[in-house]
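Please consult the sequence and the structure shown below while reading.

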Amino acid sequence: MAAAMGRRLLQEAEQAAAEPTVTFPDDYPNSVRHFLLIGFLGMFIGAIVFFYMGISRKVNTVMHVLTFFIAAVSACSYYAEWAGLGVEYKTTDTTPRVIFWARYLDWVVTGPLILTDLALLSKSDTPTIISLVGNMVLYVICGLIGALTVAPYKYMWWVAGLIFLIIVFMLLLQRLNNAEGYGGDALKGLTWLTILVWIVYPIVWIVGSEGTGALGLSQEVGILTIADLIAKIGFGFYLLANVDAPESETVPLNQSSQQYV
């Protein structure tokens with residue numbers, strides 16, 4: 001019996017030794033490393049610019065501070081992923097997958113901050129802000145759990161996360177059509193920018209490493225990097241350009257920017 005157990009342990013050790021060891025960032029494809037570096041540099045430069053735009057004003061605003069943190073948190077996330085941190089080589093699925101769990105830590109912070117910017121612009125009440133932030137956090141948590149789970153259970157988590165994201169979109173559209181007219185054209189542009197870009201995330205999830213794996217890793221990282229830069233850096237410049245405008249064409253927007261200084 002002891003001999004049989006010894007042979008089994010020896011066989012398991014030989015199988016483990018035969019399996020290739022995957023380490024990051026050494027085993028990243030070059031294109032993945034390049035996209036992650038582009039994401040880091042874009043977020044890092046954006047954070048510096050947003051920080052300067054805030055301190056160069058006579059009085060800083062909440063929107064400037066939030067926009068800086070959005071870019072700064074994403075810069076940290078992309079640098080960690082580029083350096084091989086916040087990434088897992090998942091072997092429990094049907095095929096080995098590369099899961100960037102650090103991006104979920106990024107989204108669980110930056111998603112609510114983006115929604116808070118939009119809520120301030122539309123002068124939303126506290127229950128609306130809590131609902132926006134809460135549903136966004138639940139969406140990200142569902143995506144993370146699904147990414148670390150195997151089929152078919154992970155697809156249930158994806159569906160649950162999609163429901164929470166749809167609730168976020170519904171709330172954003174309700175505030176877009178607020179009766180008071182707060183936010184003006186800036187709110188309209190930023191809301192639709194956020195919705196259209198955020199639609200990309202669950203689609204990439206279901207076809208990327210977290211889901212079916214039909215999309216290559218390089219394509220997945222490239223698409224998400226571009227989407228992130230638009231949703232955060234593009235969003236930030238668009239928002240602050242309207243907040244910093246000397247005279248806004250829409251009175252409600254001007255009142256909103258004055259209120260949150």
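The model is a predicted one.

**Aromatic residues.** Across the whole structure, a search finds 11 aromatic pairs. In the pair of Tyr 104 and Trp 107, the ring centres are 5.5 Å apart and the planes stand at 75 degrees, so this pair is edge-to-face; the cut-off for that class is over 60 degrees. Tyr 104 and Trp 107 lie 3 residues apart in helix α4, and they are therefore separated by about one helical turn. Both Tyr 104 and Trp 107 are buried. One aromatic cluster is formed by Phe 24, Tyr 28, Tyr 89 and Phe 100.

**Thr 116.** Helix α4, which spans residues 102-121, also contains Thr 116. The relative accessible area of Thr 116 is 18%, and buried means under 20%, so Thr 116 is classed as buried. Leaving aside residues up to four places away in sequence, Thr 116 touches Leu 66 and Val 133.

**Surface patch.** A nonpolar patch on the surface consists of Leu 37, Leu 41, Phe 44, Ile 45 and Ile 48, whose accessible area together is about 440 Å². Of these residues, Ile 45 has its place in helix α2, residues 30-55.

|---|---|---|
| α2 | residues 30-55 | Ile 45 |
| α4 | residues 102-121 | Thr 116 |

Note on methods
Residues are numbered from 1 along each chain as its sequence is written. This is a predicted model: local features need pLDDT of at least 70, side-chain atom pairs count only at pLDDT 80 or more; totals for chains, interfaces and linings use all residues. Side-chain values use heavy atoms; hydrogens and water are left out. Helices (H or I, at least four residues) and strands (E, at least two) are DSSP runs, numbered from the N terminus. Buried means under 20% relative accessible area, exposed over 50%, partly exposed in between (1.4 Å probe, protein chains only). Contact means heavy atoms within 4.5 Å. Patches are made of residues with over 30% relative accessible area and no salt bridge: like charges are joined within 9 Å, nonpolar side chains (Val, Leu, Ile, Met, Phe, Trp, Tyr) within 5 Å. Accessible areas come from the Shrake-Rupley method with a 1.4 Å probe; for residues, only the protein chains shown count as cover. A salt bridge is a side-chain nitrogen of Lys or Arg within 4 Å of a carboxyl oxygen of Asp or Glu. Rings of Phe, Tyr and Trp (its six-membered ring) pair if their centres lie within 6.5 Å; planes under 30 degrees apart count as stacked, over 60 as edge-to-face and the rest as tilted.
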